[in-house]
Amino acid sequence: MGKVKFVFFNILIYGLCAFMMLLGVMDYIDDQGKLAAIRGGIIVQAEWIGIIPDEHRGHGSTYDLGYEYIDENGVRYREECTWGFGSIEEAKSHIGEKVDIYIDGKGHSIAVYKAEDFDKNTAWVLMGVAIGVIVCYTTGLIIWGVIKHRHKRNGKSEDTPSVI
């Protein structure tokens with residue numbers, strides 16, 4: 001039964017790392033679209049169309065806004081922007097207002113005010129952590145396997161503790 005648990009634990013560890021890598025790659029692709037929009041320099045005005053509640057587990061809520069812009073080719077640009085309005089009334093007062101956004105012609109956009117502080121490191125952090133866990137865990141498995149093999153070769157059973 002111990003080997004089955006070991007196999008499932010390994011599947012869990014590697015599966016979690018694969019999931020983190022997938023999230024990192026998706027974030028990286030999204031970041032590349034936003035960078036393309038910024039570099040393209042095409043600025044248009046989108047409209048604030050929605051309110052997104054952002055609940056802070058027991059500390060109340062703030063409200064963010066989402067914009068939408070549809071270009072002449074029918075390409076839709078939508079993004080949530082963090083504003084952190086303290087009341088829904090305050091957030092509602094901005095619905096219908098315009099916001100300048102960069103667009104890339106392919107559906108990627110970023111608000112001009114967010115472009116200055118655009119952080120493209122999240123994807124690298126996710127992928128780096130996943131790769132680090134994979135390397136460390138795999139190295140640990142290899143070392144454990146070598147030690148286990150030496151114990152068997154020296155005639156010691158797995159259940160016999162070694163005395164130093």
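This note walks through a few features of the structure above, point by point.

1. **Before you start.** This is a predicted model, where local features need pLDDT of at least 70, side-chain atom pairs count only at pLDDT 80 or more, and totals for chains, interfaces and linings use all residues. Residues are numbered from 1 along each chain as its sequence is written, and side-chain values use heavy atoms, with hydrogens and water left out.

2. Start with the aromatic rings: the structure holds five aromatic pairs. Rings of Phe, Tyr and Trp (its six-membered ring) pair if their centres lie within 6.5 Å; planes under 30 degrees apart count as stacked, over 60 as edge-to-face and the rest as tilted. Phe6 and Trp144 make a tilted pair, because their ring centres are 5.4 Å apart and their planes meet at 40°. Phe6 sits in helix α1 (residues 2–40) and Trp144 in helix α4, so this pair ties together parts that are 138 residues apart in sequence. Helices here (H or I, at least four residues) and strands (E, at least two) are DSSP runs, numbered from the N terminus.

3. **Buried or exposed?** Buried means under 20% relative accessible area, exposed over 50%, and partly exposed in between (1.4 Å probe, protein chains only). Phe6 counts as partly exposed because its relative accessibility is 33%, and Trp144 counts as partly exposed at 45%. Next comes another tilted pair, Tyr69 and Tyr77, with 6.0 Å from centre to centre and 35° between the planes. Both of these tyrosines, Tyr69 and Tyr77, are buried.

4. **A ring cluster.** Look also at Phe9, Tyr14 and Tyr137, which ring pairs link into a cluster.

5. **The strands.** Two strands pair if DSSP finds at least two bridges between them. Strand β1 (residues 42–55) and strand β4 (residues 98–103) run antiparallel and are joined by six bridges; Val44 stands opposite Ile101 in β4. On to the next partner: β4 is joined by three bridges to strand β5 (residues 109–111), again antiparallel. The bridge partner of Tyr102 in β5 is Ile110. β4 and β5 form a hairpin with five residues between them, and Gly105 in the turn has a positive phi of about 85°.

6. Where does Asn121 lie? Look in the loop between α3 (112–115) and α4 (122–153). Asn121 counts as partly exposed because its relative accessibility is 45%. From C-alpha to C-alpha, Asn121 and Asp31 are 9.2 Å apart in space, and they are 90 residues apart in sequence.
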